[in-house]
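I opened the notebook to record what I looked up, starting with the core and then going on to the contacts between parts.

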Protein chains: 4
Amino acid sequence: MTTIAFLGLGSMGAPMARNLVAAGHAVRVWNRTPERARQVPGAQPAPTPASAAQNADLAVTMLADDRAVEGVTFGPEGLLRTLPPNAIHVGMSTISVALAERLTGAHEAVSRRFVAAPVFGRPEAAEQRMLWIVPGGSEDDIARAAPLFEAVGRGSFPMATPAQAALAKILGNFMIAATCESLAEALALAERAGLEPERLVAMLTGTLFGSPIVQAYGGRIARTEFQPAGFTVPLGLKDVGLALEAGAAHQVPLPLASLLRDHLLAALARGRADWDWSALASVVREGAGLAPTRNGTARA
Amino acid sequence: MTTIAFLGLGSMGAPMARNLVAAGHAVRVWNRTPERARQVPGAQPAPTPASAAQNADLAVTMLADDRAVEGVTFGPEGLLRTLPPNAIHVGMSTISVALAERLTGAHEAVSRRFVAAPVFGRPEAAEQRMLWIVPGGSEDDIARAAPLFEAVGRGSFPMATPAQAALAKILGNFMIAATCESLAEALALAERAGLEPERLVAMLTGTLFGSPIVQAYGGRIARTEFQPAGFTVPLGLKDVGLALEAGAAHQVPLPLASLLRDHLLAALARGRADWDWSALASVVREGAGLAPTRNGTARA
Amino acid sequence: MTTIAFLGLGSMGAPMARNLVAAGHAVRVWNRTPERARQVPGAQPAPTPASAAQNADLAVTMLADDRAVEGVTFGPEGLLRTLPPNAIHVGMSTISVALAERLTGAHEAVSRRFVAAPVFGRPEAAEQRMLWIVPGGSEDDIARAAPLFEAVGRGSFPMATPAQAALAKILGNFMIAATCESLAEALALAERAGLEPERLVAMLTGTLFGSPIVQAYGGRIARTEFQPAGFTVPLGLKDVGLALEAGAAHQVPLPLASLLRDHLLAALARGRADWDWSALASVVREGAGLAPTRNGTARA
Amino acid sequence: MTTIAFLGLGSMGAPMARNLVAAGHAVRVWNRTPERARQVPGAQPAPTPASAAQNADLAVTMLADDRAVEGVTFGPEGLLRTLPPNAIHVGMSTISVALAERLTGAHEAVSRRFVAAPVFGRPEAAEQRMLWIVPGGSEDDIARAAPLFEAVGRGSFPMATPAQAALAKILGNFMIAATCESLAEALALAERAGLEPERLVAMLTGTLFGSPIVQAYGGRIARTEFQPAGFTVPLGLKDVGLALEAGAAHQVPLPLASLLRDHLLAALARGRADWDWSALASVVREGAGLAPTRNGTARA
């Protein structure tokens with residue numbers, strides 16, 4: 001049994017924490033809005049990140065963005081104030097490469113450990129312990145966090161450093177958005193040419209293109225089902241921005257990422273902040289003179 | 001037993017014709033350079049497309065490009081001069097949407113039938129009867145061509161018209177090139193950041209991205225193995241050009257296709273005409289200050 | 001006095017032909033719709049290009065596109081049937097580099113001469129003899145056509161061959177469209193940020209950016225005055241297409257031209273075929289959540 | 001006579017400060033490396049920004065980037081500690097829109113004034129009092145800073161707020177980079193087609209494109225003279241980045257700016273940090289299979 005502080009009980013964090021409880025770990029939970037602690041029966045609510053991390057073996061952060069992770073780590077009531085010497089901070093949300101590097105250094109400086117372990121999967125996958133995990137850090141640290149990964153996921157792909165794990169996750173999200181863009185262009189042309197979009201998706205997934213990503217997003221874009229969102233446009237824009245930021249840091253132009261950014265930004269400009277990020281397809285559709293969604297009003 | 005004229009014995013056509021012979025059909029073969037007929041034992045060589053198509057039930061074209069199909073169909077010794085009234089011309093190479101439309105009309109005008117049935121798969125798949133087929137035409141015509149499809153492929157995804165089948169194939173190739181571009185950008189950034197490209201590909205294919213396309217091209221691009229080519233840069237450029245042409249005809253901007261075209265054109269400008277079309281990644285690499293291949297000489 | 005056959009009396013051709021009459025030349029005119037010959041008093045109407053070119057010193061073509069020039073040159077009643085041995089065909093409309101090469105060869109083969117001499121300027125400039133001319137051909141031929149150029153323009157920039165003159169004109173039009181795109185992006189951002197677009201244009205033209213092109217198009221785009229068109233979206237799309245075609249022929253990727261093509265295509269998809277080509281700015285505006293024109297209805 | 005604190009004596013600041021001395025103002029100068037104060041005879045060196053700003057009527061900042069301006073303004077020895085109540089801080093370097101807004105608010109909060117007044121022009125223009133100035137702030141404040149502007153520039157284009165002045169300057173620099181990109185693509189194609197690049201530039205500047213920007217950069221790019229730099233690649237990248245940042249803040253996609261960023265980043269990746277920012281053309285050239293410069297070694 002491991003004592004785990006779990007910080008952040010959003011749509012991903014809550015089911016992950018529940019799975020940790022179910023696996024028999026001692027779980028202390030904290031959330032910015034404390035009432036969400038009720039969503040994790042069997043866990044012990046903590047009033048601050050610092051109190052949750054006290055005496056913990058592992059402290060997990062599953063938060064919205066870099067700023068939230070920084071606050072919960074370095075803030076006046078942050079986990080670094082109390083995390084025991086040998087304990088590991090496991091950052092499981094998507095963070096920037098720069099923050100992964102900063103966290104690595106900051107923990108080392110005070111003889112604590114940091115492992116980045118971002119995940120692939122939506123809330124349903126979190127519920128079903130079906131997340132894919134990309135842990136990055138020393139082999140020892142990753143081994144010590146293994147019980148955590150086993151309790152929430154179905155497999156992991158270790159990377160050499162936290163920064164590389166953060167990058168791998170960011171690049172995965174870039175690949176998803178790129179898949180959406182290519183599907184969006186193909187399906188807009190199909191629709192204008194009278195080729196039923198869902199038939200084209202069936203051909204793609206039935207032949208050589210059949211990954212879970214193409215299946216999930218191909219169907220969504222063919223049906224132009226952009227609401228409710230699984231992952232919103234602003235979140236997608238943030239992650240594509242992290243890819244561009246990492247590209248700039250390493251002097252790597254990413255013209256396709258630039259294109260994705262422009263289309264996500266256009267979706268935002270048109271008031272679609274609560275649409276799924278695959279709604280970059282709605283912008284592609286409008287460029288082709290189609291309505292943003294198939295049931296919508298024609299544009300031109 | 002069906003009598004089949006098979007026109008075009010390149011690296012795809014020859015194994016397909018052999019499989020037709022093996023399936024027990026009466027096969028007459030023609031190729032621009034006649035000595036290649038020897039590669040299909042059991043088939044009867046014909047001196048011209050017209051003589052091959054005489055009394056045939058089906059005439060298959062498997063040729064390099066639009067111009068070759070036009071010549072073999074409409075030329076002075078073309079198949080349309082002799083194809084029997086009820087017979088079907090099955091175009092299995094990748095052709096433009098415009099040519100698919102022209103062939104449909106030209107055959108109808110003389111009471112012949114045209115089915116476009118482009119295929120997905122490389123020569124190895126052709127050898128092993130593992131092609132995916134996308135037949136487009138009337139249901140009756142497609143049903144009559146079924147023995148042909150069964151002898152060379154493992155499944156088919158019918159479309160309503162030859163033009164739509166041509167478009168579906170073109171869009172499939174566009175999706176492949178788009179996948180290469182996204183992999184190229186992700187892997188260039190990974191390499192510059194010290195993240196082993198093959199580890200990233202393993203993560204992608206092991207999690208949610210694992211289609212045959214991502215597996216095949218992810219490995220190639222991670223290893224920067226652009227020679228020998230499975231499908232060359234000029235062929236890729238031609239097919240992306242067909243997508244852009246169809247986009248223009250239907251007023252659909254395809255910015256990602258434009259990007260692919262520019263990268264393939266740059267590969268050509270740098271003298272890589274005999275490299276695999278995934279070598280658009282070599283251009284992405286150079287943009288990032290990397291050598292075109294990992295064993296090559298550094299650029300900057 | 002020179003005898004000049006003038007073929008094509010559109011909004012550019014008619015005022016040019018009038019200026020030739022005014023300069024004292026013997027002018028024979030032909031137009032596809034013959035009644036337009038009335039717009040050139042003092043010129044002698046001819047029933048066909050061939051009859052117009054009979055005994056002419058110079059035959060000028062000022063037509064819509066490549067196809068029209070080909071018909072008027074090579075058709076059964078085309079100018080090449082009658083053009084005297086020493087006479088020069090001067091092509092003054094914008095044509096493809098490939099057609100310029102074909103015309104050069106075809107004329108040489110029958111001991112006639114071809115000079116490409118495309119012009120910069122709109123109908124008002126044609127009226128006022130203020131066109132800029134870019135003649136391409138042998139120095140002798142250009143010198144012999146000088147009286148023509150003097151009668152219609154205010155200056156010329158000779159190129160070594162007809163193909164180079166055609167290319168220079170195409171690149172000039174590319175530069176105009178590129179200027180429109182940069183103005184469109186800058187002014188869309190200015191408008192969203194509350195910076196009055198016309199004030200920004202005044203700053204640009206008043207400081208270092210003040211070319212006639214920036215002045216003309218800056219004002220148009222700032223005021224979103226896309227109708228009536230000086231040069232329509234489809235014509236702009238055609239010319240950007242000629243640049244991309246020349247780029248492909250010489251293996252030169254032109255990513256900015258690709259972007260322009262996509263924006264012009266999107267304008268067409270939205271039903272703006274009769275808007276000025278600077279209306280690519282309307283597409284940029286919509287990407288930013290602005291109405292296509294400032295008096296239009298907001299988008300999002 | 002106005003008492004002016006001049007902070008930042010780089011290649012732009014030093015000649016500007018000299019012109020202020022020449023105009024009869026009392027000038028106190030500070031620079032991070034103090035020995036540069038010697039370049040402004042007649043000015044009084046100050047050990048810190050705070051001491052320079054003491055009792056000043058105007059405090060001018062002419063510094064490398066946002067970070068430098070922030071340090072000199074808000075730092076422990078920053079100008080805000082001593083600037084008198086009625087005095088104006090005039091920020092003349094290119095800063096982000098966000099910093100312009102922050103400076104405006106911070107000065108208002110302590111009853112000081114901020115005017116952004118970025119300039120167009122290179123060091124030679126600074127020397128000759130030929131800068132163009134874009135002041136943004138209240139009319140009163142701009143009027144009070146007029147003696148400063150008169151002493152260093154040849155004209156000004158006032159904007160309503162410091163943020164708008166900052167944006168106008170950023171957009172001007174974006175327009176310059178966009179002009180370089182369009183020239184680069186046109187000239188690369190010209191060169192590959194055998195059309196002498198300098199002849200094309202002569203045609204452009206001689207006809208409708210003849211702005212100072214096209215003249216200056218057209219010549220540079222035609223001759224591929226990227227060294228010595230007037231304004232380096234990293235500085236250009238920074239300013240294009242400021243445009244993209246402002247675009248993101250206002251939800252305005254800027255696809256051309258994204259393209260410029262990618263090309264500047266590629267130039268950096270290839271080790272051209274000390275080349276002129278017009279060297280984005282070197283990247284365009286390489287895409288076309290040309291050497292980075294005309295005297296360089298061919299690529300392919």
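**Core**

I looked up the largest nonpolar core: of its 484 residues, Leu280(A), Leu280(B), Leu280(C) and Leu280(D) touch the most other members. A nonpolar core here is a set of buried Ala, Val, Leu, Ile, Met, Phe, Trp, Tyr and Cys residues joined through C-beta atoms within 7 Å. Buried means that 20 or more other C-beta atoms lie within 10 Å of the residue's own, with C-beta atoms placed from the backbone; 12 or fewer is exposed, and in between is partly exposed.

I noted that this is a predicted model, where local features need pLDDT of at least 70, side-chain atom pairs count only at pLDDT 80 or more, and totals for chains, interfaces and linings use all residues. Residues are numbered from 1 along each chain as its sequence is written, while chains are lettered from A and ligands numbered from 1 in the order in which they are written.

I then listed the contacts of Leu280(D), leaving out residues up to four places away in sequence: Ala177(D), Cys180(D), Glu181(D), Ala184(D), Leu260(D), His263(D), Leu264(D) and Ala267(D). Two residues are in contact if their C-beta atoms, placed from the backbone, lie within 7 Å.

**Domains of chain A**

I found domain 1 at 3–160 and domain 2 at 166–287 in chain A; such bounds come from an automatic or database domain assignment. The domain centres, taken over C-alpha atoms, are 29 Å apart. Domain 1 puts 13 residues into the contact and domain 2 puts in 14.

**Chains A and B**

Helices are DSSP runs (H or I, at least four residues), numbered from the N terminus, and strands are E runs of at least two.

**Chains D and A**

I read eleven residues from each of chain D and chain A in this contact. Helix α12 (residues 255–269) of chain D gives the most to its side, seven residues.

How is chain D superposed on chain A? A rotation of 180° with 0.1 Å of shift along its axis does it, at RMSD 0.1 Å. I wrote this down as the relation of a two-fold axis. In chain D, the C-alpha of Ser258(D) is nearest the axis, 3.0 Å from it.

Terms used. Copies are superposed by least squares on the C-alpha atoms of residues with pLDDT of at least 70 in both.
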